[in-house]
Amino acid sequence: MRRNIKSYLIVDGYNIINAWDDLKDIAKNDLEGAREKLIDIIIEYAEFTGRKAIIVFDAYNIKNSKETIENRKHIEVVYTKEHQTADSYIEKFITSLSKYDDVKVATNDYAEQQIVLGKGAARISSRELKLDLEHAKKSMKEKNSSNQKKIQRNWLEDRLDKETLSKLENIRRMH
């Protein structure tokens, strides 16, 4: 029996923002900008790897906040409801998946990592996620440059000597 195995990358959004210096610097003045930059990075990663990516931002201390899910290109962005942490959302989500699914959770939270492992998913640190992203970007560039080389035309006239080209041109003109 063949199973339909799905691949997921689940990202603890604020945990990663606070772990990456470039995003942390942006977040000091523009939290929304840091979120959008992380979202863009993960979209690019999901596009290349084919993994379904889910970024979870918690709204634990935001009064009356309702859970919202934004479907974007290749990813879901989740904002949890009031009194719900990203960790609890991630745990609940992982539990809902098939035991055969390939699940990676990106977080530096040690307690969350232990829970993730206990649920059968893999955990990756923010550093490992960054390395994965850099590797994916490098692979994309290599793939794109090899595609560019393939596009270059291979003209017959570039491979024939002048005499043969002249004869072919004369034949073309006669018809």
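Leaving aside its neighbours within four places in sequence, with which residues is Asp58 in contact? I looked this up in a predicted model, in which local features need pLDDT of at least 70 and side-chain atom pairs count only at pLDDT 80 or more, while totals for chains, interfaces and linings use all residues. Residues are numbered from 1 along each chain as its sequence is written, and side-chain values use heavy atoms, with hydrogens and water left out.

**Entry 1: Asp58**

I found Asp58 in contact (heavy atoms within 4.5 Å) with Tyr14, Thr80, Gln84, Thr85 and Ala86, sequence neighbours within four places aside. Asp58 sits in the loop between strand 2 and strand 3 (68-72); helices (H or I, at least four residues) and strands (E, at least two) are DSSP runs, numbered from the N terminus. I read its relative accessible area as 27%, so Asp58 is partly exposed; buried means under 20%, exposed over 50%, and partly exposed in between (1.4 Å probe, protein chains only). A polar atom of the Asp58 side chain lies 3.2 Å from the backbone nitrogen of Ala86.

**Entry 2: Thr80**

I next located Thr80 in the loop between strand 4 (75-79) and helix 4 (86-96). Thr80 counts as buried because its relative accessibility is 0%. I noted that its side chain reaches the backbone oxygen of Gln84 at 2.8 Å.

**Entry 3: the nonpolar cores**

A nonpolar core is a set of buried Ala, Val, Leu, Ile, Met, Phe, Trp, Tyr and Cys residues joined through side-chain atoms within 4.5 Å. I found 26 residues in the largest one, where Leu38, Ile42, Ile75 and Leu129 have the most contacts inside it. Helix 3 gives the largest share of this core, 8 residues. Another core, of 15 residues, lies apart from it and includes Ile10, Val56, Ile94 and Leu97. I also listed the contacts of Leu38 beyond four places in sequence, among them Val11, Trp20, Ile55 and Phe57.

**Entry 4: the largest pocket**

I noted Trp20, Asp22, Lys37 and Met140 among the lining residues.

A pocket is an open set of points on a 1 Å grid over the protein atoms alone, where a 1.4 Å probe fits, with protein on both sides within 12 Å along at least five of seven lines; lining residues have an atom within 4 Å of a point.

How values were computed: A polar contact is a pair of N or O atoms within 3.5 Å; within protein, one must be able to donate a hydrogen and the other to accept it, and residues adjacent in sequence count only if both atoms are side-chain atoms.
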